[in-house]
Amino acid sequence: MAQILTCLALPAPACVRHGVFPAASPPDLPPGLAAHLPQTDGVLWPAESCPAGRTGQFHPTPALRTAAMGEWQGRALKDMPAADLERWVSDPDFAPPGGESRSMLMQRVAAWLAELPPAPRHLTALADATVIRAIVIAALGGTAAMLPRLDIAPHSRTVLTRHAMWRVSSTGTPLAASL
């Protein structure tokens with residue numbers, strides 16, 4: 001029987017919509033998200049601790065955290081040197097000072113996906129859309145250079161199945177507008 005990994009993309013932090021690199025704090029569980037959790041054996045959460053009042057079903061999974069932005073955390077895009085931003089966009093091995101490159105993010109997520117045990121049968125991962133892109137690309141055997149080539153929107157669902165290997169069943173399916 002196949003293992004199913006349902007990935008729900010969390011909403012982007014408000015600061016991102018204003019062109020500011022987010023802080024490295026654990027994401028908030030959006031109201032209404034629980035209604036979109038499939039029947040599952042566990043929910044994997046991208047932080048060192050579970051959301052308030054969600055112990056038991058939620059399992060802290062630091063490998064699912066978004067890429068660390070180091071010294072860029074909290075800074076506005078408009079205040080960044082253009083050459084640094086160009087390198088960040090074009091070079092998957094470039095990392096902000098004290099931060100993590102896209103290649104490092106891919107390695108971390110690919111290792112987690114490869115080491116995920118075959119049981120339980122159905123898991124749900126809540127993560128930033130960038131992390132879910134990395135999960136999909138890792139399942140397909142891709143590299144960090146492919147991250148900018150895949151769109152996974154916040155408030156969307158992506159499903160992978162594992163028989164002998166991981167397969168991508170669907171990507172970026174929008175969740176209800178109630179979130």
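Trainee: Which residues of α3 are buried?
Mentor: This is a predicted model. Buried means under 20% relative accessible area. In α3 the buried residues are R102, S103, L105, M106, R108, V109, W112 and L113.

Trainee: What do the buried residues of α3 pack against?
Mentor: Contact means heavy atoms within 4.5 Å. The partners of the buried α3 residues include the helices α2 (82-90) and α4 (129-139). The strands they pack against are β1 (3-9), β2 (42-45), β5 (156-162) and β6 (166-174).

Trainee: What should helix α3 span, and how far apart are its end C-alpha atoms?
Mentor: Helix α3 covers residues 102-115, which is 14 residues. At 1.5 Å a residue, the helix should span 20 Å. The computed distance between the end C-alpha atoms agrees, at 20 Å.

Trainee: Is R108 buried or exposed, and which residue meets its side chain in a salt bridge?
Mentor: R108 has a relative accessible area of 15%, so R108 is buried. Side chains of opposite charge can pair when their charged atoms come close. The N to O distance in this salt bridge is 2.9 Å, and the residue that meets R108 is E100.

Trainee: Which residue meets D91 in a salt bridge?
Mentor: D91 counts as partly exposed because its relative accessibility is 23%. The N to O distance is 3.9 Å, and the partner is R87.

Trainee: How many disulfides does the structure hold?
Mentor: C7 counts as buried, at 0% relative accessibility. C15 counts as partly exposed, at 25%. A disulfide needs two cysteine sulfur atoms within 2.5 Å, and the number of disulfides in the structure is 0.

Technical notes. Residues are numbered from 1 along each chain as its sequence is written. This is a predicted model: local features need pLDDT of at least 70, side-chain atom pairs count only at pLDDT 80 or more; totals for chains, interfaces and linings use all residues. Side-chain values use heavy atoms; hydrogens and water are left out. Helices (H or I, at least four residues) and strands (E, at least two) are DSSP runs, numbered from the N terminus. The expected span of a helix is 1.5 Å times one less than its number of residues. Buried means under 20% relative accessible area, exposed over 50%, partly exposed in between (1.4 Å probe, protein chains only). A salt bridge is a side-chain nitrogen of Lys or Arg within 4 Å of a carboxyl oxygen of Asp or Glu.
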